[in-house]
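Trainee: I would like to learn how to read the features of a model like this one. Where do we begin?

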Protein chains: 2
Amino acid sequence: MERKIILPESEIPRNWYNILSDLPSPLDPVLHPATGKPISPKDLGAIFPEPLIEQEMAADRWIKIPDEILEKYCLWRPTPLRRAISLEKILDTPARIYYKDESVSPPGSHKPNTAIPQAYYNKVSGTKKICTETGAGQWGSALAFACSLYGLECEVFMVRVSYDQKPYRRIMMETWGATCIPSPSNKTETGKTILAESPDSPGSLGIAISEAIEAAVTQEGTKYALGSVLNHVLLHQTIIGLEAKKQMELIGEFPDVVIGCAGGGSNFGGLALPYVEEKINGKNISIIAVEPASCPTITRGAYAYDFGDTAKKTPLLPMHTLGHSFIPAPLHAGGLRYHGMAPIISKLVVEGLIEAKSVNQLDTFAAGIRWARSEGYIPAPETNHAIAAVIEEAKLAREEGKEKVILFTWSGHGLLDMAAYQAYLAGQLTNYTLPDDDIKAAIEALSDLPKPGGKS
Amino acid sequence: MERKIILPESEIPRNWYNILSDLPSPLDPVLHPATGKPISPKDLGAIFPEPLIEQEMAADRWIKIPDEILEKYCLWRPTPLRRAISLEKILDTPARIYYKDESVSPPGSHKPNTAIPQAYYNKVSGTKKICTETGAGQWGSALAFACSLYGLECEVFMVRVSYDQKPYRRIMMETWGATCIPSPSNKTETGKTILAESPDSPGSLGIAISEAIEAAVTQEGTKYALGSVLNHVLLHQTIIGLEAKKQMELIGEFPDVVIGCAGGGSNFGGLALPYVEEKINGKNISIIAVEPASCPTITRGAYAYDFGDTAKKTPLLPMHTLGHSFIPAPLHAGGLRYHGMAPIISKLVVEGLIEAKSVNQLDTFAAGIRWARSEGYIPAPETNHAIAAVIEEAKLAREEGKEKVILFTWSGHGLLDMAAYQAYLAGQLTNYTLPDDDIKAAIEALSDLPKPGGKS
């Protein structure tokens, strides 16, 4: 019984899967923040290169992956599919637990799956520099890595409190040659305005997005990049699920349950979308997005048009949201602290093809420790959300006496998040459940905005 | 052209290679620190379990790896053999550069290759707890990981300055359930004596070794474990080279040059020893150990009997040494700051089967940055020493127009060593060459000790 199912490089998928071609009904259009009218490719041209805008709106089911991208992917891809035999034994479950290990990339997470193509398409479109924002630094480090491989400059606006408290991912970015700027900064008008009012502002992802977009549109040869939420990001991430399907086929397995943690939805979508296609075609699969109880975007938010940032500078997206002014409670899974959700994932929830559940912070760390002491690897705090849900499913399988096959994304390792484990082991973390009234108020604040359509 | 050569789990080597059976002349015996007489297995029984003592002195060429160890090895082994295609291109070299990636283990280095068998043999021998020391934390975290898999308690004495300044590896150990104690501590008589004299002592590896040994012999059911230098440690590490040979055979390659960084000699020996056997049997290979210019144990030290620790508590080992009182200059490759060298490696240098060279700190970080920006992965500072030597060999191949095949151990990743990269990028690091007089004095201090024999 092998612990690792390896796909040779020659078997790496040659196309990404575009689920836009298979949705039961089309996505509601993205709207211009000023006019409220559907946004045009031209509008997006100020911040994204043309090939990525085309992918954002593509109709083809399969999008070819250029050889120049495949070559870089093969620095770490195909990633191993692993079986969690030791955890199965400890849980005494008849379930078979498989995980797609996306931690083996140089920055240690799934993020380079889209950072590499975004850097590549910018490079071939003549971009010299890419600006982006980052919270805890997963996305910023992935883009820094990708830009170093294609010889592009990279400027990362990092939320100041993370910049100060979590220096390791910042140094990773600098090791790959990127410039990392604490946000709010004096580099942009947005940053200057905020600093004039609050010189000690700890920053926020919303502010950092606004700064990165402003930096992109005001510097020559410069574009912007986003690490989650958008259609082209999820498209690139489907390499996860496409590889996993081949690997599962190699051992004659098909999942009953597919699980991933969901912040903006990109690692979850990456594994899930190729299985959503199977579900549309009649296969019986549970596909479950797992989110923090303290940031319950899908499970308790509204399906509405909303802005992607606090400053209302981004287009309006049709998505599950807790409101663009939502500020999540302190939570040690930085990648899951986003008020919105990828429109594709949101639509699939509305269509009943994807379920969602939320888990408490303490349960996620308990699950992560259990994992580390059986399977060895220390998971990222985000990944612990998926693991907590997997353990619940495996226990259920034991109670039901069912030989269930569970598959999930192990989205990243936790080697740069040890401070969160220290806080947990020292008993300093708590659970936090958002009060109903807070959610009600945040959603009511969206009532003046347009409404997306519902289930097809 | 594939970047990764993968060996299936079914092909994992079933035996370790014991070079003691093939040495041109036997190792000089290890001597008792009190009597100066060859040490007996019984003497070692106070700190090591019997199966490890047997391995330390074994005569068989092949030592069977128990299934219970293979099962744990397969959490991450066989490790990938990778080809550094991007670096080759940037260097414009006809050399083909392969590296055995030992960073893919849960703690991120080669250390678990011996931590797993050491924990296993202790477990089956009835040990309840293992004590050890650690500097920067590579070895301590590997043993903590291994003990968590076998349900053993683990107590790690960590040099206080590292405990305070490098909390991440300490938290890793705690995540795996180990107890980590800053050394010097009040847990041992050695520690108490030192603290009484210097309450602010930053500690040293020598002190931590003494504390760990004392803790092992004074607690019931407790043994001691060492992460490098000894014969059984190098034996376990030969899994690296045995796998690499199979992988090189798969693609029809044989190395002209084999390279590894050397601190105590275990990752270097792990790759090199199976190739030393080939060299003994007539193959033409350069086998090169790379050490820091600031801690030039092989290149400038004496081949002499010396203690393994500052407090002269360990047996006398026949090895290359800078003297047990040697205190290396500040150096950001913690794993290479040891005054001695594995007796096996030392003997092979004396026999002319292994060469050694030293590299400067600034060159190693420049090499590491070059690697990260081409091959993607950020190497450990120790690994950067090997990479610096590899780049020199590749340049030489270009000058000579030779299609040389270079193979080296990528001993660990640098994700927990980002502070060292920050210091380098900020221009705060320097080179340091040890003055001749310092070396002379340190070696003269050994003149009262017995002398080992020379070349056979």
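Mentor: In chain A, 66% of the 456 residues are buried, where buried means under 20% relative accessible area with a 1.4 Å probe, protein chains only. This is a predicted model: local features need pLDDT of at least 70, side-chain atom pairs count only at pLDDT 80 or more, and totals for chains, interfaces and linings use all residues. Residues are numbered from 1 along each chain as its sequence is written, chains are lettered from A and ligands numbered from 1 in the order written, and side-chain values use heavy atoms, with hydrogens and water left out.

Trainee: What radius of gyration does chain A have, against that of a compact globule?

Mentor: The radius is taken over C-alpha atoms, and the globule rule is 2.2 Å times the number of residues to the power 0.38. For 456 residues a compact globule would be near 23 Å; chain A has 21 Å, which agrees.

Trainee: How is the size of an interface given?

Mentor: Often as the accessible area lost when the parts come together. Here it is summed over both parts, with a 1.4 Å probe. Chain B and chain A bury about 4100 Å² between them, 55% of it on carbon and sulfur atoms.

Trainee: How many salt bridges are counted between chain B and chain A?

Mentor: A salt bridge puts a side-chain nitrogen of Lys or Arg within 4 Å of a carboxyl oxygen of Asp or Glu. The count is six. Glu71(A) and Lys89(B) form a salt bridge at 3.8 Å, N to O.

How values were computed. Buried area = accessible area lost by both parts, 1.4 Å probe. Buried < 20%, exposed > 50% of the residue type's maximum accessible area, 1.4 Å probe, protein only.
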